[in-house]
Amino acid sequence: MKPKVLFICVHNSARSQMAEAWLNHLCGDFFEGQSAGLEPGSLNPLVVEVMREEGIDISKKKTQAVFDVFKSGQLFAYVITVCDESSAKKCPIFPGPTKRLHWSFADPSQLTGPAEEKLIRIREIRDEIRDKIDNWCAEVCSAEAARR
């Protein structure tokens, strides 16, 4: 059974969805990723677009509330908040025996300007999240292998 990782942000519409998708894509042999939000909204279509550019289709993903995940009784090895510093106070804390991490990423829903400018910035956020996941997986998996 793979350890579960829960990514949390405010709306579960962008950052946590990208983190979940990247974890399952890059480290799916080692972890099972999920995501949730404090105030779930709807999936950001620009995020769907930039993930599709990388060959990852999240268009069928649903947003879900942290409280619903909590009520499900699932246990998570890691709970990682991915809200930006300005939203950190609103970013929820998931209770339970787990390792908690905070990775700050800009919020795509707060971007302004024409769609093309937003896409450029969302691609940057996407790539930051991918790099963080990739580095974290390498670090955690090598630490686990060393313990065995």
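Two strands count as paired if DSSP finds at least two bridges between them; helices (H or I, at least four residues) and strands (E, at least two) are themselves DSSP runs, numbered from the N terminus. The structure described here is a predicted model, in which local features need pLDDT of at least 70 and side-chain atom pairs count only at pLDDT 80 or more, while totals for chains, interfaces and linings use all residues. Residues are numbered from 1 along each chain as its sequence is written, and side-chain values use heavy atoms, leaving out hydrogens and water.

By the pairing rule, β3 and β4 run parallel and are joined by four bridges. Thr-81 stands opposite His-102 in β4. Both strands belong to an open sheet of four strands, with parallel pairing and the order β2-β1-β3-β4. Because β2 (32–37) and β4 (99–102) stand at the edges with a single partner strand each, one side of each has no neighbour in the sheet. Helix α1 lies across β1 and β2, and runs at about 175° to β2; such angles run from 0 to 180 degrees between N-to-C directions, with axes fitted to C-alpha atoms, for helices over the stretch in contact (heavy atoms within 4.5 Å).

The interior comes next. A nonpolar core is a set of buried Ala, Val, Leu, Ile, Met, Phe, Trp, Tyr and Cys residues joined through side-chain atoms within 4.5 Å, where buried means under 20% relative accessible area, exposed over 50% and partly exposed in between (1.4 Å probe, protein chains only). The largest such core has 34 residues, of which Phe-7, Leu-23, Phe-31, Ile-133 and Trp-136 touch the most other members. Two or more residues each come from β1 (4–9), α1 (15–27), α2, β3 (78–81) and α4 (115–147). Of these, α4 gives the most, with nine residues. A second, separate core of seven residues includes Ile-8, Ala-36, Val-69 and Val-79.

Aromatic rings form a further set of links. Rings of Phe, Tyr and Trp (its six-membered ring) pair if their centres lie within 6.5 Å; planes under 30 degrees apart count as stacked, over 60 as edge-to-face and the rest as tilted. By this rule the count is five aromatic pairs. The pair of Phe-7 and Trp-103 is tilted, because the ring centres are 6.2 Å apart and the planes stand at 50°. Since Phe-7 lies in strand β1 and Trp-103 in the loop between β4 and α4, this pair ties together parts 96 residues apart in sequence. Trp-103 also forms an edge-to-face pair with Trp-136, at 5.8 Å centre to centre and 70° between the planes.
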